[in-house]
Amino acid sequence: MSNQLRRNLTERLLVIGGGAAGMSAASAARRTDPDLPITVLESGPYSSYGVCGIPYYLAGVVANAASLIAHPPSEFIERRRIDLRHGVEAVALDLDQRTLQTSDGETLDFSTLVYAAGAEPIVPPTARTRDPRVVTVRSLADAMVLRARLPEVARAVVVGAGYVGLEVADSLAQRGVSTTVVDRLPRVMPTLDEVIAERVEAEVRKHVELDLGSGLRALQLRTDAVVVELDDHELAADLVVLALGVRPRTGLLADAGLATTQEGALLVNARMQTSHAGVLAAGDSVAHHHRVLDAPAYVPLGPAANKTGRVAGTVAAGGDATFAGVVGTAVVKVFDLEVAHTGLSLEQAMAAGLDAVATDVTAMSRAKYYPDSAALHVRLVHERSRRVLGAQIVGTDGAAKRIDVVAAALHFGSFIDDLAGFDLAYAPPFSPVYDPITQVAQAAQREANRPSAVLGRVGR
């Protein structure tokens, strides 16, 4: 039976969320079924833009906001025949009746739903305010307002020393803003092991003030400044950026009884189907299958959002696709450093109950005689049984893409012996004859071959 013959008046794919996952889902559905009615609701004024590019837009490296938009609305509406609606929120959902109430008072029928509403910034109760001097950096619209205000900002406090907080601090420093980063934890970037985080911390302190081990208690909104009250002192600023992480925006479906993790991320299978028939989900709302842990994990990163959106849209339109899962690969520019990690840190592996150790090497990014070669600190995390669990790399040259070698090894469940034997490219401008990845794997082999009493002291 053709698609057109089986279609009825109420058949519609409804996509909630017009970000990377949502628009990937809608586009994949259109490729799978050229005639399927598709409606996308996006609560904000922009869709299909690169959230990860926002710090570089704030810094002025990206000249204008339009550069971050992958496709204009006309591409989806006119060429792909997708009913894309901006400024429309999903208000109430009836899964039994397959209807959705929107913020503009309309009731939409649907046959299949793809939920891709993403994540929302974590804002503690003590910092909830409509004061424009207190912001989060999650949406393009917010970033545009913030960038326009930056010429008036002399002092800023960034609350949170994770990925986003350090990226924003870097951006503000490039714009000449005197910046202080504060965090309740005693170190930066808790997804890294301490030995790697120390290197990042040293770099951050070269460029901005860093105030660790003192949490946010309250904000005082004064006429001349926002006063950030910490556990044992205060800081005054013209701008406060809250960068305390994100949480899945899944209330609508959680209230409808769909299965979630403890943090509220939707549980899905490899076809991105939720616990309710006819409802799929993708992107930062979802707990992806973590290939190292062999369990669901909330890892909200851009590549997975695009990939899971494509799978969800294909399946929703009657096609066949699956998502292989994640290993948690990420890289971030922190001032002059490239900081990359994949898989599990040693702390995460031990917390998961794995018999894990870590091996560290310092290796040159290029042949030692070649100009501009720089030292890389490479940490490889592995089980005593030799299975690779993760890696972290930090340095000024060559860290960012090397991490992908270990990510590929993790994807296929490789062991340190496999990693040591990989046939990696060599030329003096790009690598020493033994690449840093090869060197750390060889060091891990040597450590693994030692008596267990010695192996137990490897890592930190």
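**A tour by selection**

Start with strand E9 and strand E16 (residues 239-242): they run parallel, joined by three bridges. The model you have open is predicted.

**Stop 1**

Keep E9 selected and pick Val134. Across from Val134 stands Val240 in E16. Now widen the selection to the sheet around this pair. Five strands make up an open sheet, in the order E9-E16-E10-E11-E12, and the pairing is parallel. Which strands are at the edges? Strand E9 (134-136) and strand E12 (209-212) are, and each pairs on one side only. Look along the sheet next. On average, neighbouring strands are turned by 20 degrees against each other, direction ignored.

**Stop 2: the antiparallel sheet**

Select E4, E5 and E6. These three strands form an open sheet in that order, with antiparallel pairing. Strand E4 (90-94) and strand E6 (107-109) are its edges; each has a single partner strand, so one side of each is left without a neighbour in the sheet. From one strand to the next, the twist averages 25 degrees.

Zoom in on strand E5 (residues 99-102). Three bridges tie E5 to E6, and the two run antiparallel.

**Stop 3: two packed helices**

Select helix H2 (residues 20-32) and helix H9 (residues 302-316). Two packed helices are described by the angle between their axes and the distance between the axes. Here H2 and H9 pack at an angle of about 35 degrees, and their axes are 7 Å apart. The crossing of H2 past H9 is right-handed.

Show the side chains at the contact. From H2, pick Ala20, Ala21, Ser24, Ala25, Ala28, Ala29, Arg31 and Thr32. From H9, pick Ala305, Asn306, Gly309, Arg310, Gly313 and Thr314. What classes of residue does the contact of H2 with H9 have? There are six nonpolar, six polar and two charged residues.

**Stop 4: confidence**

Colour the chain by pLDDT. The protein chain averages 94, and 96% of the residues score at least 70. Then select residues 1-9. There the pLDDT is below 50, and the stretch has ten contacts in the model beyond near neighbours in sequence. Finish at residues 453-460. Here too a pLDDT under 50 is found, and the model has 17 contacts beyond four places in sequence for these residues.

Notes:
Residues are numbered from 1 along each chain as its sequence is written. This is a predicted model: local features need pLDDT of at least 70, side-chain atom pairs count only at pLDDT 80 or more; totals for chains, interfaces and linings use all residues. Side-chain values use heavy atoms; hydrogens and water are left out. pLDDT is the predictor's confidence in each residue, from 0 to 100. Contact means heavy atoms within 4.5 Å. Two strands pair if DSSP finds at least two bridges between them. Helices (H or I, at least four residues) and strands (E, at least two) are DSSP runs, numbered from the N terminus. Axes are lines fitted to C-alpha atoms, for helices over the stretch in contact, and angles run from 0 to 180 degrees between N-to-C directions. A crossing is left-handed if the near helix is turned anticlockwise from the far one by less than a right angle, and right-handed if clockwise. Ala, Val, Leu, Ile, Met, Phe, Trp, Tyr, Cys and Pro count as nonpolar, Asp, Glu, Lys and Arg as charged, and the others, Gly among them, as polar.
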